[in-house]
Amino acid sequence: MQANITKWGNSQGIVIPKSLMEMCNLQVNEPVDLEVRNGKIIIQNVHRHRTLEERSAEYGGRLGPFESYDWGEPQGREVW
């Protein structure tokens, strides 16, 4: 697949086709790492931390089960 390097303000850019974006699991406005290896430009996904909602969705929206524990009354100078 070929693309043209074009001028964008004071920088240059390459339009990445949607099909290639989907194949690489990239999203618009998502940060990527750029690296040069053996004279080639490598574009890689940046490891992105998932939100709590995204993580809980993997478990059907549940993060539990949670149980309540009775630790008794405070002892000494503990503050509860």
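So, strand E4 gives the most to the lining of the largest pocket, 4 residues. Strands here are DSSP runs of at least two residues and helices, H or I, of at least four, numbered from the N terminus. A pocket is an open set of points on a 1 Å grid over the protein atoms alone, with protein on both sides within 12 Å along at least five of seven lines, and lining residues have an atom within 4 Å of a point.

Quick note: this is a predicted model, where local features need pLDDT of at least 70, side-chain atom pairs count only at 80 or more, and totals for chains, interfaces and linings use all residues. Numbering runs from 1 along each chain as its sequence is written, and side-chain values use heavy atoms, leaving out hydrogens and water.

Back to that pocket: it holds about 690 Å³ of space, the volume filled by probe spheres set on the grid points, which are joined across faces, edges and corners. It has 25 lining residues, and Ile14, Val15, Ile16, Leu34 and Ile43 are the closest to its centre.

Ile43 sits in strand E4 and is partly exposed at 44% relative accessible area, meaning between buried, under 20%, and exposed, over 50%, with a 1.4 Å probe and protein chains only.

Then, the salt bridge: a side-chain nitrogen of Lys or Arg within 4 Å of a carboxyl oxygen of Asp or Glu. There's 1 in the structure: arginine 37 with glutamate 35, closest N and O atoms 2.9 Å apart. Arginine 37 is partly exposed at 37%, and glutamate 35 is partly exposed too, at 33%.

Methods
1 Å grid on protein atoms, 1.4 Å probe; cavity = no way out; pocket = protein on both sides within 12 Å on 5 of 7 lines; lining within 4 Å.
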